[in-house]
Amino acid sequence: MPLTVTGVYAAAASLTVWALARTLWYGVVEPKVALAFGALVAVGELARWGSQGSQVSQDGERESAPLGSAGALAYALLGQNAGHATHHGVLQAVAVVLAAALAGAVPHVALGRGPSLDQVARRVLTVAFAAACFQPLYNSGTLGLWVGHGPYYALFLLLVLVLTALCDAVVAAALLRARTSFPYGPLLRDELRALLGVGSAVCATGAVIALAVAVAGLWALPLFCVPLLLTQLAFRRYAAVRTTYRQTITSLARATEIAGYTQPGHARRVAVLSRAVGRELGLSESELTVLEYAALMHDIGQLSLVDPVPAGATAPLPAAEQRRIALLGGAVVRQTGGSAEVAVIVERQADPYREQPLPARIVRAVNAYDDLAGSPGRPGSSLSALEQLRLGTGRDYQPEVVESLARVLARGCLTLLAPG
């Protein structure tokens, strides 16, 4: 296990043991409040829209249980309940949130799609960080002396949540860097971009819930959370639709393999490797998704050929033939309801690289690499294939893309997959 992952797990495990032991020893302070927020976190976990594994999902969905996360942050930042001060502290906040999250995750674990250890560790650390920034200051009265209970109090909560979100982004990028060997900069940039979407909504909701409970009491929880739960369920349906669309694209891409036009597994290898190169070059998650779809569909134009290309390798074909296949592929993508962005990448993958958008340059170089390194009759050497790509950087392949591909392969985070 990488040292970074071990360190994060050790810190989260230590906090968990300390928090659970202290809470069990001294008992739960204000059990009604703890039970209400625990139920909110558990419901949020039950309604999660799905997450598979420790890495970011292919669609860039980093937070699959936003209601649970918002409830956890609200409990960490809770100072009052209907005007009466609360005293649950940092460790009880961690213990209650963790216990509730694990309880809500039981059905998902039984179905084999529960939260990963990375997600659990991050949840523990973010709740502990937010509570540590707020609870000691509030319980000692220092926060009241500094900012009072007016608008500055709300701004302080938002500031703590922003810092918490930034720390979580740093930890998430570090974990993904340790597991994939991708450059840390683009990974952190992706995490920071995500804060502008679901991340900002989770932070804002956590602050609103904490402020509402401080004034209206626990009745504020259903008042604010039922609409959010319905919204989360709608997003779950949306995520299911996107998953179905991905499966449709993957099945359509396999048509060339089933028909004998391309080698088994070629489209999948090009898609996986293109995504890695795109991440190396700093593409965002949405751009990576479009790139992946285009890579899966890049050979679909071969279905229009009367005679299959030998071994399905388009790299050795004349430029005019490559361009014709690419244009036919783009037309197929448009006719099957694919996005215009994907169609453009497929259409332009055979153009001189100086005239191409970056995703088309990536697909062209990775497709050529797989053709040269993995086709029957070829030497099967990655070094030989990369050398041929470097010789073509004058016109056919962008040098930066070829070097990024070489770095991805050299790190060993991806290797040329066996056919099929």
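Is R364 buried or exposed? At 8% relative accessibility, R364 counts as buried, a term that stands for under 20% relative accessible area, whereas exposed stands for over 50% and partly exposed for the values in between (1.4 Å probe, protein chains only). The model is predicted, so local features need pLDDT of at least 70 and side-chain atom pairs count only at pLDDT 80 or more, while totals for chains, interfaces and linings use all residues. Residues are numbered from 1 along each chain as its sequence is written, and side-chain values use heavy atoms, with hydrogens and water left out.

Side chains of opposite charge can pair when their charged atoms come close. The structure holds 18 salt bridges, each being a side-chain nitrogen of Lys or Arg within 4 Å of a carboxyl oxygen of Asp or Glu. In one of them, R364 meets D396 at 3.2 Å, N to O. This pair links distant parts of the chain, with D396 in the loop between α16 (382–391) and α17 (399–411) and R364 in helix α15 (residues 358–374), 32 residues apart. Helices here are DSSP runs (H or I, at least four residues), numbered from the N terminus. D396 is partly exposed, at 23%.

A further salt bridge joins R179 to D118, with the closest N and O atoms 3.0 Å apart. R179 lies in helix α7 and D118 in helix α5 (residues 117–139), so the pair ties together parts that are 61 residues apart in sequence. R179 is partly exposed, with a relative accessibility of 34%, but D118 is buried, at 3%.

Note on methods:
Helix = DSSP H or I, 4+ residues; strand = E, 2+ residues; numbered from the N terminus.
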